[in-house]
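Hi,

Here is the structure I said I'd pass on.

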Amino acid sequence: TCIDFSYFTPHSISIFLVLFFLTPQVMHMFKGCRREDSAPHIYAVAQSAYRNLLTTRQDQSIVLLGKSGSGKTTNCQHLVQYLVSIAGSTGKIFSAEKWQAVYTILEAFGNSATAMNTNASRFSHIVSLDFDQAGQVASASIQTMLLEKLRVTRRPEAESTFNVFYYMMAGADSTLRTELHFNHFAENSAFGILPQSKPEDKQRSSQQFTKLQAAMKVLGVSGEEQKALWLILGAIYHLGAAGATKAGRRQFARHEWAQKAAYLLGCSLEELSSSIFKHQAKGLQHSTSFRGGPDEAGQGDSSGPKVTALECLEAMASGLYSELFTLVISLINRSVLSSQHSLCSLLIVDTPGFQNPRMAQRRRGATFEELCHNYTQERLQTLFHERTFVQELERYKEVLLLKGEKPHLFLLGHSHGTDWVEYDAQGWLNHAKHNPAAQNAATLLQDSQKKNISGLFMGRAGGATVLSGSIAGLEGGSQLALRRATSMRKTFTTGMAAVKKKSLCIQIKLQVDALIDTVRRSRVHFVHCLLPKAEAVGGGGEPRVAHGESPDSGLMTLDVSLLRAQLRGSKLLDALRIYRQGYPDHMVFSEFRRRFDVLVPHLTKKHGRHYIVTDEKRVSRRWA
Ligand SMILES: Nc1ncnc2c1ncn2[C@@H]1O[C@H](COP(=O)(O)OP(=O)(O)OP(=O)(O)O)[C@@H](O)[C@H]1O
């Protein structure tokens, strides 16, 4: 259930508050805030953004904000489905089935079970719908960023890796199983990637694998291309089973599993081993040139802390996954992009929700990845405030940072100090370590002896390498998509960015800058999703991959203080007050004229629609 506040907005922002279940308590909080005759719904945001796009011909964006599990991705899907169905598409290229397939694929490769959401998005993305002169969807594209690629190898206790691994382990048919050497699984995995044990989970994952394969077919991903994806995923699994030595020479702990990984990737065991553990491999010449002298073979960057064998292995696995994810996004874009001319775009922005382990009753410090997602949410929140309370900006620039009680712990006051998160900074220095194994992943895939793997990755070498693995989906063909991509590329390649691109922290900062930059140049509509109650999902046991469970609405109890805290943190009530005291709406003269000149047909007839006047204000007054 939703409440539409757009009637109270001035010019550029519609705030939309989405509540899972509207109860008398919540209604009481908003008494007098909504018009009785409006039927609130997420579609109203889509409609308002679409109407604005048609009347002003200006890019629009809808940004979804909220805690993890509050319903952002679900609403994103509703928005896209609704827009595509009301606007129609040039030549009917976009069916609801096609978009369903896109989301099935994104969910498989980009989601996993966390403490707060059994199917949480672990990447940020922007869906761009590009509209033509007639207001129909002419083309579309997806850009993804901030993929939590390290999750492939490491994650908090009782959380899972990306869904697709479980889907594939449970759902591969006997031919694929044999091809992937999945007939028996290893007892241990350095990455903790193990098959699910509960039969009901296995069955659900197996069904999801069938659904995923069908979705790929809908988007025109060929059988050979699909096989390449399974081979790479299989190889990552086997790398985990192979493990790495804890001391002595850096190498695999169990060579028989490493051999399987090499076979699936289409390279020799020696090639794989040296890409992972020895850092003088091809493709790194430019990075080694920053150092004073020749690098010692196999010892990595002598200037930084020594990289362990396990860290090398992890970097290769997450590098491979990142390349794979980029490829998946390109395959999706291949199916939704068209060369049709488009006039303006509507962007829908979905990022992983704000998360605090304490809220899910976890007694651990928040991770670096959680900080990255919370940082993105904060930046988007700041954009909301900037657009809403320009004159109060200075107040929001304060950084709320406190030292924790124990070493390595520190507290950050998110949402204007209403939500304090305690971070555990232990091991974070590793993120600044130079670990070339990740970059070697691309070279390894390009050099694969397996034609279907090398063929897919070869074409992508060259121009986009700066962005490879950080932002996927920039190879857009439509003019607008290209314009945006160019601006993003500029953000990434200018100044210090190009030099420092190896640092994970700088990469995160730049990716969020690029995300904000893209949204900032359009008219933004914000969607605030609220979590109705905080409770741990998954129960701390084995991670569940189930999703789509909706709580029994009859028994649902709301955590009113949690709701209030979220409202306070997002400053929604302040936003409402400011809208109610100011003007409800405004428009510039040129827009006013464009919209209403139909009412003075004799003038339009005399001068034509494109008649240029020097003083729009005088003309409008004459009409009045
Ligand atoms: N309006 C709703 N009513 C009931 N359940 C809902 C509603 N919207 C979403 N859900 C359910 O809540 C769960 C979380 O939703 P979703 O994954 O969309 O959240 P999210 O905000 O995108 O989370 P994250 O930030 O972790 O990716 C899903 O199981 C979804 O089916």
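First, the ground rules. This is a predicted model, so local features need a pLDDT of at least 70 and side-chain atom pairs count only at pLDDT 80 or more, while totals for chains, interfaces and linings use all residues. Residues are numbered from 1 along each chain as its sequence is written.

Of the 624 residues in the protein chain, 45% are buried. Buried here is 20 or more other C-beta atoms within 10 Å of the residue's own, exposed is 12 or fewer, and partly exposed is in between, with C-beta atoms placed from the backbone. If you take contacts between residues at least 6 apart in sequence, 76% join residues at least 24 apart; a contact is two C-beta atoms, placed from the backbone, within 7 Å.

Strand S8 (residues 344–350): six of its seven residues are buried, so S8 is largely enclosed by the rest of the structure. S8 pairs with strand S3 (residues 60–66) in the parallel sense through four bridges, and Ser-61 sits opposite Leu-347 there. Strand S6 (residues 124–131) runs antiparallel to S8, joined by seven bridges, with Val-127 opposite Ile-348. Pairing means that DSSP finds at least two bridges between the strands.

Helix H7 (residues 199–218): at 1.5 Å a residue, its 20 residues should span 28 Å, and the end C-alpha atoms are 29 Å apart, which agrees. (The expected span is 1.5 Å times one less than the number of residues.) Buried in H7 are Ser-205, Gln-208, Phe-209, Leu-212, Ala-215 and Met-216. They cover an arc of only 125 degrees around the axis, so they lie on the same side of H7; the arc is taken from the directions from the helix axis to the C-beta atoms. They pack against helices H4 (96–110), H5 (163–171) and H8 (223–242). Over on the other side of H7, Pro-199, Glu-200, Thr-210 and Ala-214 are exposed. After H7 comes Gly-220, with a positive phi near 75 degrees.

Helix H16 (residues 437–446): this one is mostly covered, with eight of its ten residues buried, among them Gln-439, Asn-440 and Leu-444. The cover includes helices H9 (255–265), H10 (269–277), H12 (309–336) and H17 (451–458).

Cheers

Methods:
Helix = DSSP H or I, 4+ residues; strand = E, 2+ residues; numbered from the N terminus.
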